[in-house]
Amino acid sequence: MGLTDLMSMAKPNLKSREKILAKLGGRELVNCFQCIKCTSGCTALKLLELKPHEIMKLVNLGFVDELASSDIIWTCVTCLKCLQRCPQKASPYHVMIALRNLTVEREVKVPEAFMKAVSQILETGLAEAYQKVTTRKMEACDREGLKLPKISAPKESFQAAFLKALEER
Amino acid sequence: MKVKVAVFWGCCILTSQYAYEMSVRELLPRFGVELVDLREALCCGDPVRSVNNFAANYLSIRILALANLTGLTDLLVPCNRCHFTISEAKRAVERDEKVREKIVSILKEEGLEYNSDVKIWHVIDLLHDCIGLKSVGNAVVKALKALKLASHVGCQIIRYSDLGRVDDAENPRKMDELISATGAKSIDYNEKLDCCGSHLMLSHPDTALSLAGGKVKALQSLGVDGLVVSCPDCGLMFDSKQKEAGTTVGAKLNLPVLYLTQLLGLALNIEQEKLGLQLNQSPVEQLLSKISA
């Protein structure tokens with residue numbers, strides 16, 4: 001569903017807006033004056049129609065719930081150009097991350113790969129599994145074959161500590 | 001010069017981008033840099049940031065705590081994304097006492113301690129600012145004068161400036177200067193700051209590939225001999241996934257892509273095997289044949 005569809009019947013929810021501001025740990029977001037520098041340089045604009053300035057305006061107006069359930073917040077490439085170029089330090093990037101975090105808290109649809117990475121970290125410490133790679137001549141090799149040192153997985157105590165961190169909001 | 005630095009590799013390098021790790025391990029000691037691995041392999045927290053910002057900061061700070069165990073105060077982070085994630089976490093705990101206290105108390109349960117003095121380096125600023133262009137140039141035994149190359153610095157080590165980054169956000173030069181130090185020419189091009197798209201591999205893989213493919217396609221039309229990268233995610237997108245990326249932009253891509261540390265290694269006449277050049281999936285032979293002549 002596109003953002004426009006989500007918006008057509010929407011009512012602003014200022015409590016949700018406060019939640020985002022609390023996550024940002026600052027109120028720079030309200031200083032956005034819609035100069036559109038973020039959108040004009042956005043990597044995801046051309047291919048995925050992400051318009052960061054619209055997101056900023058919608059959050060400011062209190063349409064956070066609609067954004068949190070929209071796929072659009074998962075199109076950010078995290079290239080950080082919006083944040084770099086924002087004259088108001090309102091940082092669309094950080095707003096996007098706050099919206100994603102809220103989506104996860106509310107257990108709305110989240111791209112599976114992110115959750116998979118989290119459980120992989122819990123299990124092994126790393127977000128990805130060790131892979132066998134091939135040379136251009138199609139010879140398979142791994143770390144050992146390449147004489148790369150073995151680096152240990154985190155100590156057992158890590159799992160409990162990480163779970164504790166995941167409970168925080 | 002003799003320096004000892006702790007090194008944090010991150011997931012991407014340790015699990016698949018072995019060529020970057022091999023070339024870093026091979027190259028830096030030649031400049032008097034001793035690398036000390038951390039006790040454990042851990043994720044920097046980048047994919048966790050979209051799920052839970054606090055937990056991402058915790059992972060990053062845990063890495064700084066592991067670095068603290070080595071007794072060293074310089075930490076090399078050759079991955080752009082890890083470099084950014086750790087820098088962000090450091091800023092978060094320095095600005096927000098509550099966050100710091102919470103993280104410090106979780107670390108304490110494991111007997112770990114955060115040390116705010118640990119400085120974070122990337123390969124680019126370590127070579128450019130610490131070792132210095134002059135020393136790099138002096139070490140070159142095989143000038144790569146025949147090569148016309150393009151640099152791809154990547155997004156997250158140059159943005160955002162307030163965080164204190166490795167190079168200028170809009171006109172990064174350090175990587176080009178390092179390429180020039182080998183005798184090769186580093187060109188300026190319109191797409192220089194375009195992103196490789198790797199973060200989107202988690203949610204929109206086709207779009208991610210078309211971002212990478214579009215950039216390689218543009219570079220191919222400029223007639224460069226190769227693309228130089230210094231981030232494992234960018235390496236994965238432009239090198240390992242180049243063929244796949246080509247199909248998303250309707251082009252046959254065959255641009256040699258190599259790590260900056262591999263390029264410098266070639267200029268220092270380090271054996272290709274040791275630099276992991278057999279692992280690059282792009283046709284690096286094209287480039288190698290130009291410099292062996």
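**Note on the predicted two-chain model**

1. Chain A is divided into domain 1, residues 3-105, and domain 2, residues 112-162. Taken over C-alpha atoms, the centres of domain 1 of chain A and domain 2 of chain A are separated by 33 Å.

2. The model is predicted, and the predictor gives the complex an ipTM of 0.95 and a pTM of 0.97. For chain B the mean pLDDT is 97, with 100% of its residues at 70 or more.

3. On the interface: 53 residues of chain A are in contact with 48 residues of chain B. On the side of chain A that touches chain B, the elements that give two or more residues are helix H4 (45-48), H7, H8, helix H9 (112-124) and helix H10 (157-167) of chain A. H10(A) provides the largest share of that side, 7 residues. By class, the side of chain A that touches chain B has 32 nonpolar, 11 polar and 10 charged residues.

4. Helix H5 of chain A, residues 52-61, has 7 of its 10 residues buried, so H5(A) is largely enclosed by the rest of the structure. The buried residues of H5(A) are A:Pro52, A:His53, A:Ile55, A:Met56, A:Leu58, A:Val59 and A:Asn60. These buried residues pack against five helices of chain A: helix H2 (14-24), helix H3 (37-40), helix H6 (64-68), helix H7 (81-85) and helix H8 (92-105). Just after H5(A) comes A:Gly62, which takes a positive phi of about 95°.

5. Two residues of chain A that are not glycines deserve a look at the backbone. A:Ile36, in the loop between H2 and H3 of chain A, has a positive phi of about 70° although it is not a glycine. A:Ile36 has 14 other C-beta atoms within 10 Å, which means that it counts as partly exposed. A:Ser91, in the loop between H7 and H8 of chain A, has a positive phi of about 45°, again without being a glycine. A:Ser91 has 25 other C-beta atoms within 10 Å, and so it is buried; the cut-off for buried is 20 or more.

6. In chain B, helix H10 (residues 232-240) has 9 of 9 residues buried and is therefore largely enclosed by the rest of the structure. The buried residues of H10(B) are B:Pro232, B:Asp233, B:Cys234, B:Gly235, B:Leu236, B:Met237, B:Phe238, B:Asp239 and B:Ser240. By the classes used for the interface, Asp counts as charged and Ser as polar, and H10(B) has B:Asp233, B:Asp239 and B:Ser240 among its buried residues.

7. The peptide bond from B:Arg159 to B:Tyr160 is cis, with omega near -5°. B:Tyr160 is found in the loop between strand E5 (148-152) and helix H8 (174-181) of chain B.

8. B:Leu69 belongs to helix H4 of chain B, residues 53-69. With 15 other C-beta atoms within 10 Å, B:Leu69 is partly exposed. Between B:Leu69 and B:Ala143 there are 40 Å in space, C-alpha to C-alpha, and the two are 74 residues apart in sequence.

Note on methods
Residues numbered from 1 in each chain as written. Chains lettered and ligands numbered in written order. Predicted model: local features only at pLDDT ≥ 70, side-chain atom pairs only at ≥ 80, totals over all residues. pLDDT = per-residue confidence, 0-100. Domains from an automatic or database assignment. Buried ≥ 20, exposed ≤ 12 C-beta atoms within 10 Å, placed from the backbone. Helix = DSSP H or I, 4+ residues; strand = E, 2+ residues; numbered from the N terminus. Contact = placed C-beta atoms within 7 Å.
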